[in-house]
Amino acid sequence: MTGREPRDDAELKKELDATLHARRELGDEYESALVDSFLEKVEQQLDGAVDRRVRRQLAEQQMVVARGSRSPQGSDSWGERFGFGIVSLVLAIPLSAIGGGVAHLPGLLVAWAGIVGVNVVQAARLSPDFFGRRKGKSDSDWEE
């Protein structure tokens, strides 16, 4: 599927024929204006096709979300996990300093327990099988 409709191709062919006919009648001095006009119409056709495609993809994604499953381009990308880990480590420095400075070792332990807790929750959110066995795995390793 090319994404173009035959109607659009026919309209563009008519526009091109009309532009070429007008150029023959008007001469070379109007060529750039005629080409600009034709290209503007082509751009409008492309914009319409892109808009339709984007609306269709958004509707498909909304259907996936409405059905309760994750979208194909889910939020569990490597970039998100890596970014969250980096931000977590960067924020760990001032939190450790504050916790250690105010309450010494217990403050430091509380700060790091919070950091670890946030990362565990994030990992569990991105990987549903983080805390348990994977779906479909049997109760015993002996069964197949």
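Biologist: Which cut-offs decide whether a residue is called buried, partly exposed or exposed?
Modeller: Buried means under 20% relative accessible area and exposed means over 50%, with a 1.4 Å probe and protein chains only, and whatever lies in between is partly exposed. This is a predicted model, in which local features need pLDDT of at least 70 and side-chain atom pairs count only at pLDDT 80 or more, whereas totals for chains, interfaces and linings use all residues. Residues are numbered from 1 along each chain as its sequence is written, and side-chain values use heavy atoms, with hydrogens and water left out.

Biologist: How many helices and how many strands does the protein have, and in what order do the elements run?
Modeller: Helices (H or I, at least four residues) and strands (E, at least two) are taken as DSSP runs and numbered from the N terminus. By that rule the protein has three helices and zero strands. Read from the N terminus on, the elements therefore run α-α-α.

Biologist: What share of the 144 residues in the protein is buried?
Modeller: The accessible surface, which comes from the Shrake-Rupley method with a 1.4 Å probe and, for residues, counts only the protein chains shown as cover, comes to about 11,800 Å² for the protein. Carbon and sulfur atoms hold 62% of that surface. Among the 144 residues, the buried share is 12%.

Biologist: Is T19 buried or exposed, and which residues does T19 touch beyond its neighbours within four places in sequence?
Modeller: T19 belongs to helix 1, which covers residues 6-26, and T19 counts as buried because its relative accessibility is 15%. A contact here means heavy atoms within 4.5 Å. Once the neighbours within four places in sequence are set aside, T19 is in contact with L34 and F38.

Biologist: What percentage of the contacts with a separation of 6 or more joins residues 24 or more positions apart?
Modeller: The contacts considered here are those in the protein with a separation of 6 or more.

Biologist: How many salt bridges does the protein have?
Modeller: Side chains of opposite charge can pair when their charged atoms come close. The rule applied here asks for a side-chain nitrogen of Lys or Arg within 4 Å of a carboxyl oxygen of Asp or Glu. By this rule, the number of salt bridges is five.

Biologist: Why are K13 and D17, which form a salt bridge, separated by about one helical turn?
Modeller: The closest N and O atoms of K13 and D17 are 3.7 Å apart, and K13 is exposed at 53%, while D17 is partly exposed at 39%.

Biologist: What is the relative accessible area of W112, a member of the nonpolar surface patch?
Modeller: Nonpolar patches join side chains of Val, Leu, Ile, Met, Phe, Trp or Tyr within 5 Å, and like-charge patches join charges within 9 Å, always from residues with over 30% relative accessible area and no salt bridge. The nonpolar patch, of about 570 Å², is made by L89, L105, L108, L109, W112 and V116. W112 is found in helix 3, and this residue is partly exposed with a relative accessible area of 35%.

Biologist: What is the phi of H104, a residue other than glycine?
Modeller: H104 is found in helix 3, which covers residues 78-126. H104 counts as exposed because its relative accessibility is 57%. Its phi is a positive value, near 55°.

Biologist: What distance separates the C-alpha atoms of R81 and N119?
Modeller: R81 is found in helix 3 and is partly exposed at 40%. R81 and N119 are 38 residues apart along the chain, and their C-alpha atoms are separated by 9.7 Å.
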